Amino acid sequence: MTYTGRTLGIGLMDGKPFAFYLLCSRSFPRRKAIVRENAVYIENLTETDNPYVSYPVVRLLDEYAVVTNGLQTDFIAQALEWESPKKALVHVLDALDYERDDYDTPRIAGIIGTSGKGWLGFAGRDEFWVKTLELKDGKAFVTATYNLGFAKLDFPGFDGAEELAERAMWLSFEKKVLAVGIVKERKGWGLAFSPRR
């Protein structure tokens, strides 16, 4: 199996936009996801002075859901108030750049909209890209901090955010800790975790 670190994907299932975040970790596996209002936070449960292991991971807006591996989540959500998803990703990821930790961990970010479009971004030490994607039913566009780049996967069917999070945990990556699933519902966004809290 491959170690991907933090992985996120966006796609479409039965006409509904979805996103998932899969946290894999070698160094800090004791973490949990916490919901606060329209946001989800990853909270580290191991004592450390590492500033990158607890962070906002999801921000749910009326028109968009933002998913990332760091503090860029909130900055991208704020930028969406006045600019397009593509520009929000370009500006925020370019400004923050990769994380200054021992691994030069890339910043990754995804946005899904209610219109069936999606956006992915990657800011690494030697690589930077932002893609606008037409979401396709049964497919997920995926990126990760390590060893994946950009990929298009056939994604197993699911019914709702809870099953989506479980399916994300099925992906054949090493050191899985938790997954977050987000699905556009008739009213608002469905949100769930795996393993269940």
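Mentor: Among the contacts in the protein that join residues at least 6 apart in sequence, 51% are between residues at least 24 apart, and I would keep in mind throughout that this is a predicted model. The fold consists of three helices and 13 strands, and its C-alpha atoms occupy a box of roughly 40 × 35 × 30 Å along the principal axes. For 197 residues a compact globule would have a radius of gyration near 16 Å, and the 15 Å found for this protein agrees with that. Buried residues account for 56% of the 197 residues, while the accessible surface comes to about 9300 Å², with 45% of it belonging to carbon and sulfur atoms.

Turning to charge, the protein carries 26 positive and 27 negative side chains, and the centres of these two sets lie 3 Å apart. Six salt bridges are present in the structure, and I will go through some of them.

One of them joins Asp104 to Arg125, with a distance of 2.7 Å from N to O. Asp104 sits in the loop between helix H2 (85-96) and strand E7 (107-113), whereas Arg125 sits in the loop between strand E8 (117-123) and strand E9 (128-134), so this pair ties together parts that are 21 residues apart in sequence. The two partners can also be set side by side by their accessibility: Asp104 is partly exposed, with a relative accessible area of 22%, and Arg125 counts as exposed at 54%, because the exposed class begins over 50%.

Another pair is Asp97 with Arg100, in which the closest N and O atoms are 3.6 Å apart. Asp97 has a relative accessible area of 24% and is thus partly exposed.

Technical notes: Residues numbered from 1 in each chain as written. Predicted model: local features only at pLDDT ≥ 70, side-chain atom pairs only at ≥ 80, totals over all residues. Heavy atoms only, no water. Helix = DSSP H or I, 4+ residues; strand = E, 2+ residues; numbered from the N terminus. Rg over C-alpha atoms; globule rule 2.2 N^0.38 Å. Buried < 20%, exposed > 50% of the residue type's maximum accessible area, 1.4 Å probe, protein only. Contact = heavy atoms within 4.5 Å. Areas by Shrake-Rupley, 256 points an atom, 1.4 Å probe, with all protein chains shown as cover. Lys, Arg positive; Asp, Glu negative; His and termini not counted. Charge placed at Lys NZ, Arg CZ, Asp CG, Glu CD. Salt bridge = Lys/Arg side-chain N within 4 Å of Asp/Glu carboxyl O.
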